[in-house]
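Please read the points alongside the sequence and the model.

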Amino acid sequence: MKSLALHLAVIALLFALQFVLPPYHHTNIARVMVLAVFAMGYNIAFGYTGLLSLGHALFFGAGLYAAGLMANGGWTGLATLPAGLLAGGLVALAVGMLALRTAGVSFMIVTLMFAQAGYLTILYFGPVTGGDEGFVLPAAARNLAGFDLATETPRYTLGLALFAVALLANLALVRSPLGRVMVAMRENEERSRMLGYNPFTVKLTALVISGLYAGVAGAGYALMFGYVGASFAAIQYSILPMLWVLLGGAGTVLGPFIGALLMFYLIDLSSSVTTAHQMVVGVALLALVLFAPKGLLGTLRERGLKWLP
Amino acid sequence: MAAVLALTAVGLSLVFGVMRVVNVAHGEFFMLGAVAAWFVTAFTPGPPVVGFVAALVLCPLLVGGVAALADRLVLKRLNYDPEATIVATIGLLYILQQAALSLYGPDARPVPAPFEWRIQLPWFGYSGYKLFVVAAACVILLAVWLFMTRSRAGLVMRATQIDRDTARAFGINVDRVYAGVFALGAGLAAIAAVLIVPIQQAHYLMGHDPLLLSFIVVIIGGLGSVRGTLVAALLIGLSDGVISVFYTPTLAKILATLFVALVLVFRPQGLFGAKQ
């Protein structure tokens with residue numbers, strides 16, 4: 001009850017924020033919310049199920065390009081958003097069928113390699129995908145049920161809607177029997193196997209859910225910001241969700257959002273001081289792994305807030 | 001450039017074999033070696049040979065030093081947990097790349113070759129320096145091979161590889177072995193880089209391709225098997241040239257990455273790897 005209230009309060013707060021934010025931060029928060037959906041998806045695989053993937057950019061990119069390419073064909077948000085969702089899930093299913101035959105370090109390398117192959121494929125089909133330069137979505141396609149997503153309020157609302165649905169679904173998932181089994185897989189795969197759960201199916205389900213999240217985030221991103229490019233499928237976008245999740249706290253529902261928010265503003269603020277934002281990312285990764293492997297919310301949960309989901 | 005590839009890949013393979021650490025920053029050590037080579041040759045007076053020899057000695061030492069420092073400050077504290085070290089070396093990758101960009105700049109800069117002569121055969125000319133690179137790489141690989149199989153330090157490393165706790169019980173300073181192996185692996189990448197910069201230019205993003213290729217080599221050769229790595233490096237180095245005749249470089253890379261992923265899925269011990 002307490003946790004449901006907390007999450008609803010966060011959503012309400014974000015809803016209220018749009019009326020007071022100056023335009024620049026208005027766009028930023030919309031961006032952070034849709035990226036947080038991506039991070040939540042990553043967290044379902046990594047934080048809850050213990051699948052450390054280095055290839056989530058592939059799922060994000062699948063959603064992004066599914067929406068982007070369909071938009072070029074004249075479809076609007078009502079069709080492209082579900083298409084992105086499905087594309088992310090289907091790609092995750094295909095990758096999972098193969099990659100989940102391995103575990104640990106091999107799983108990381110295999111997912112990395114698949115994502116790299118996907119990225120190169122996008123470059124290879126440059127005439128269709130725009131390659132490195134990408135393409136801008138036609139204005140008519142950035143439309144969801146009559147609302148023009150190029151304007152501020154609908155854009156923020158779509159970001160918030162995606163975020164709210166993703167957050168509540170995440171909360172429900174974590175509390176469901178499936179969520180418990182996912183955590184059991186992370187903690188002790190052999191023991192859960194002995195209890196009669198099939199590790200492969202559970203992990204595959206988790207990865208597909210994770211892919212659905214990443215896919216819809218990608219499609220949402222394409223619609224909200226009107227740009228699709230290969231850089232969103234590059235390795236950087238596999239590392240960033242990991243960084244956000246690690247910062248906010250792996251295995252917490254709100255952690256990915258908090259991590260994405262903090263990291264976004266950390267890079268934003270530091271870019272006024274120095275251009276070395278890669279350095280910020282690198283140092284943050286090292287510091288987190290060394291000193292706070294549980295992240296912000298994970299540490300808070302240890303220090304007394306046990307009810308935090 | 002199978003020879004240089006083999007040097008880089010053996011470095012990665014050594015680190016993984018002995019320490020069970022997948023070093024994602026390995027390509028950056030390669031890049032660091034190349035960039036350091038530019039600095040050394042640019043600031044050494046006299047003919048290019050002097051600068052080149054100085055680079056060949058100094059760069060591996062410097063890069064090895066950086067690696068040993070990274071091992072002491074970061075990897076050791078993580079207790080060499082495989083997954084945490086990957087995340088940490090990704091962080092290292094970003095830091096090294098940014099440091100190179102900030103201190104060295106975004107330009108690719110050439111390094112003069114130590115000597116210029118071409119072997120003029122009746123039907124085509126061949127750069128003497130490229131042959132020198134191949135010879136040098138073979139000598140170094142042979143030296144590494146002898147070092148691992150014949151010397152006491154190599155024995156200690158292999159003992160640590162097989163059983164870290166027993167090695168410790170026999171009075172081996174495992175921490176020092178790990179720092180040494182990590183430095184050696186990075187140093188090999190740096191030597192490879194110094195050898196290649198007269199052919200390719202030094203650039204802060206040059207670490208990506210060697211990293212990917214080394215991964216491919218190491219995985220196909222079997223993780224941690226030095227002999228398999230050598231065979232795979234020769235094979236890939238040669239086939240890379242062959243494949244790129246038929247396909248565009250991008251398609252060749254796509255096929256190579258997919259192939260590696262599938263090898264890992266279906267034959268995790270590598271194509272030539274020994275049974276564990």
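1. Gly104(A), Val105(A) and Met108(A) of helix 5 of chain A are in contact (heavy atoms within 4.5 Å) with Pro82(B), Glu83(B) and Ile86(B) of helix 4 of chain B. Helices (H or I, at least four residues) are DSSP runs numbered from the N terminus. By class, this contact of helix 5 of chain A with helix 4 of chain B comprises four nonpolar residues, one polar and one charged. Here Ala, Val, Leu, Ile, Met, Phe, Trp, Tyr, Cys and Pro count as nonpolar, Asp, Glu, Lys and Arg as charged, and the others, Gly among them, as polar.

2. On conventions: this is a predicted model, in which local features need pLDDT of at least 70 and side-chain atom pairs count only at pLDDT 80 or more, while totals for chains, interfaces and linings use all residues. Residues are numbered from 1 along each chain as its sequence is written, chains are lettered from A and ligands numbered from 1 in the order in which they are written, and side-chain values use heavy atoms, with hydrogens and water left out.

3. The axes of helix 5 (residues 104-124) of chain A and helix 4 of chain B come within 9 Å and cross at roughly 35°. Axes are lines fitted to C-alpha atoms, for helices over the stretch in contact, and angles run from 0 to 180 degrees between N-to-C directions.

4. Helix 4 (residues 82-104) of chain B also approaches helix 13 (residues 277-291) of chain A, with axes within 8 Å and a crossing of roughly 155°. Helix 13 of chain A is therefore roughly antiparallel to helix 4 of chain B (angles over 145 degrees). The contact of these two helices has 14 nonpolar, six polar and no charged residues.

5. Thr85(B) also belongs to helix 4 of chain B. Beyond four places in sequence, Thr85(B) touches Val21(B), Leu75(B), Leu78(B) and Tyr80(B).

6. Arg180(A), in helix 8 (residues 177-187) of chain A, is exposed, at 57% relative accessible area. Not counting residues up to four places away in sequence, Arg180(A) touches Val174(A) and Arg175(A).

7. Phe163(A) and Met242(A) touch the most other members of the largest nonpolar core, which has 207 residues. Such a core is a set of buried Ala, Val, Leu, Ile, Met, Phe, Trp, Tyr and Cys residues joined through side-chain atoms within 4.5 Å.

Definitions and conventions
Buried means under 20% relative accessible area, exposed over 50%, partly exposed in between (1.4 Å probe, protein chains only). Helices (H or I, at least four residues) and strands (E, at least two) are DSSP runs, numbered from the N terminus. Angles under 35 degrees count as roughly parallel, over 145 as roughly antiparallel, 65 to 115 as roughly perpendicular and the rest as oblique.
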